[in-house]
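Subject: Structure for your files

Hello,

My notes on it follow below.

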Amino acid sequence: MIFREAVAGDLPALVALIADDVLSHQRDGGDPSAYSGAFEAMLANPSQQVIVGEDADGILVMFELAFVQGLSRRGSLRAIVETVRVATDGRRGGLGRAAMA
């Protein structure tokens with residue numbers, strides 16, 4: 001498994017991962033172009049990253065990082081983790097744990 005920052009061409013696979021979830025399959029998925037504006041903005045924002053994990057079969061893991069500055073801990077920068085998804089075939093195999101390591 002290789003982890004890397006997402007690129008524009010990853011959008012269809014990311015939308016499929018987001019929709020492949022018990023909670024979001026009815027509200028997400030479909031045409032990736034509905035997500036393109038948000039994805040382009042995220043890719044252009046240095047305070048946000050979309051990370052993917054892929055192997056020979058394609059993208060199996062994704063998560064989003066948002067970096068925020070806070071006043072606590074002497075103004076430290078911290079990351080908020082969002083939209084953690086693992087493909088159905090990869091669940092229960094430690095991929096999510098590897099992504100967060």
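**Notes on the structure**

Arg 92 is exposed, with a relative accessible area of 87% (exposed means over 50%, buried under 20%, and partly exposed in between, with a 1.4 Å probe and protein chains only). Arg 92 is found in the loop between β4 and α4 (95-100), and its phi is near 70°, a positive value in a residue other than glycine. Most residues other than glycine have a negative phi. Arg 74, in helix α3 (residues 72-75), also is not a glycine and has a positive phi of about 60°. Arg 74 counts as exposed, at 87% relative accessibility.

This is a predicted model, in which local features need pLDDT of at least 70 and side-chain atom pairs count only at pLDDT 80 or more, while totals for chains, interfaces and linings use all residues. Residues are numbered from 1 along each chain as its sequence is written, and side-chain values use heavy atoms, with hydrogens and water left out.

The protein has four helices and four strands, in the order β-α-α-β-β-α-β-α from the N terminus. Helices (H or I, at least four residues) and strands (E, at least two) are DSSP runs, numbered from the N terminus. Of the 101 residues, 30% count as buried.

In helix α1 (residues 11-19), the buried residues are Leu 11, Leu 14, Val 15, Leu 17, Ile 18 and Ala 19. They pack against α2 (36-44), β2 (48-55), β3 (58-69) and β4 (77-86), where contact means heavy atoms within 4.5 Å.

Glu 64 lies in strand β3. Glu 64 is buried but has no salt bridge, and the nearest side chain of opposite charge, Arg 85, is 7.8 Å away. A salt bridge is a side-chain nitrogen of Lys or Arg within 4 Å of a carboxyl oxygen of Asp or Glu; Lys and Arg count as positive, Asp and Glu as negative, and His and the chain ends are not counted. The Glu 64 side chain does make a polar contact with the side chain of Thr 83, at 3.2 Å. A polar contact is a pair of N or O atoms within 3.5 Å; within protein, one must be able to donate a hydrogen and the other to accept it, and residues adjacent in sequence count only if both atoms are side-chain atoms. Not counting residues up to four places away in sequence, Glu 64 touches residues including Met 42, Gln 49 and Ile 80.

Regards
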